[in-house]
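Welcome, and thanks for taking a look at this chain.

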Amino acid sequence: AKEETGLDCVFDRIICMRQAHGGIFNQSDMFVVCLLKLSPKYDKLLEENKEIVLTPQEEEIAMISWMDLDEFSNQELWQNSPLYMELHNSIFHTVKGSRSSTDKGENNDSTGLIAKSL
């Protein structure tokens with residue numbers, strides 16, 4: 001699948017979901033965070049420690065850049081929101097677990113979904 005950044009990616013799993021009612025225009029809203037992995041076509045660039053170029057889909061993305069996971073989740077915008085802190089916690093643990101499993105050549109199975117009311 002081609003992602004909004006111009007990258008070819010492979011779907012791995014759903015990390016978390018958020019549903020809210022009575023939002024903008026009094027409509028429900030569903031937000032799903034998925035783990036995508038880069039297509040194997042980028043393996044050689046990664047092995048050679050070369051940059052993978054991002055190309056924004058202009059209709060959706062004003063600015064684009066690679067960010068460290070900690071830098072992304074520690075942005076001031078997210079700091080006062082229990083909802084986003086919970087989402088970022090899920091992302092952080094999934095990505096860290098996925099990286100360590102990949103390094104060890106293991107299959108990192110999901111532990112399932114947890115429902116919380118925030």
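The chain exposes about 9300 Å², and carbon and sulfur atoms supply 52% of that area. What you see is a predicted model, so please keep the confidence values below in mind as you browse. Of the chain's 118 residues, 23% count as buried.

**Layout**
- The chain has three helices and two strands.
- Starting at the N terminus, the elements follow the order β-β-α-α-α.
- Among contacts with a separation of 6 or more, 50% are between residues 24 or more positions apart.

**Confidence**
- The mean pLDDT of the chain is 80, with 82% of the residues reaching 70 or more.
- Of the elements, helix H1 (residues 43–47) has the highest mean pLDDT, 94, while helix H3 (residues 82–104) has the lowest, 74.
- Take care with residues 102–113, where the pLDDT is below 50. Beyond near neighbours in sequence, that stretch has nine contacts in the model.

**Nonpolar cores**
- The largest nonpolar core consists of eight residues: Ile15, Cys16, Val33, Leu35, Leu69, Leu87, Ile91 and Val95.
- At least two residues of this core come from each of strand E1 (9–20), strand E2 (29–38) and H3.
- H3 gives the largest share, with three residues.
- There is also a second, separate core of five residues, including Leu7, Cys9, Tyr42 and Ile52.

**A helix residue to look at**
- Histidine 93 sits in helix H3.
- Its relative accessible area is 51%, over the 50% cut-off, so histidine 93 is exposed.
- Histidine 93 and isoleucine 15 are 78 residues apart along the chain, and their C-alpha atoms are separated by 9.6 Å.

**Cysteines**
- The count of disulfides is zero.
- Cysteine 9 counts as buried because its relative accessibility is 11%, under the 20% cut-off.
- Cysteine 34 is in no disulfide, as the nearest cysteine sulfur, that of cysteine 16, is 9.0 Å away.
- With a relative accessible area of 35%, cysteine 34 is partly exposed.

**Salt bridges**
- The structure holds six salt bridges.
- One of them joins aspartate 8 and lysine 41, whose closest N and O atoms are 2.4 Å apart. This pair links distant parts of the chain, 33 residues apart: aspartate 8 is in the segment before E1 and lysine 41 is in the loop between E2 and H1.
- Aspartate 8 counts as buried at 17% relative accessibility, whereas lysine 41 is exposed at 55%.
- Lys2, Asp8 and Lys41 are linked in a network of salt bridges.
- Arginine 18 forms a salt bridge with aspartate 29, with the closest N and O atoms 3.1 Å apart. Here arginine 18 belongs to strand E1 and aspartate 29 to strand E2, eleven residues apart.
- Arginine 18 is buried, with a relative accessible area of 13%, while aspartate 29 is partly exposed, at 37%.
- Lysine 50 and glutamate 48 also meet through their side chains in a salt bridge, at 3.2 Å from N to O.
- Lysine 50 is partly exposed, with a relative accessible area of 48%, and glutamate 48 counts as partly exposed at 38%.

Methods. Residues are numbered from 1 along each chain as its sequence is written. Side-chain values use heavy atoms; hydrogens and water are left out. pLDDT is the predictor's confidence in each residue, from 0 to 100. Helices (H or I, at least four residues) and strands (E, at least two) are DSSP runs, numbered from the N terminus. Contact means heavy atoms within 4.5 Å. Buried means under 20% relative accessible area, exposed over 50%, partly exposed in between (1.4 Å probe, protein chains only). A nonpolar core is a set of buried Ala, Val, Leu, Ile, Met, Phe, Trp, Tyr and Cys residues joined through side-chain atoms within 4.5 Å. A disulfide is a pair of cysteine sulfur atoms within 2.5 Å. Accessible areas come from the Shrake-Rupley method with a 1.4 Å probe; for residues, only the protein chains shown count as cover. A salt bridge is a side-chain nitrogen of Lys or Arg within 4 Å of a carboxyl oxygen of Asp or Glu.
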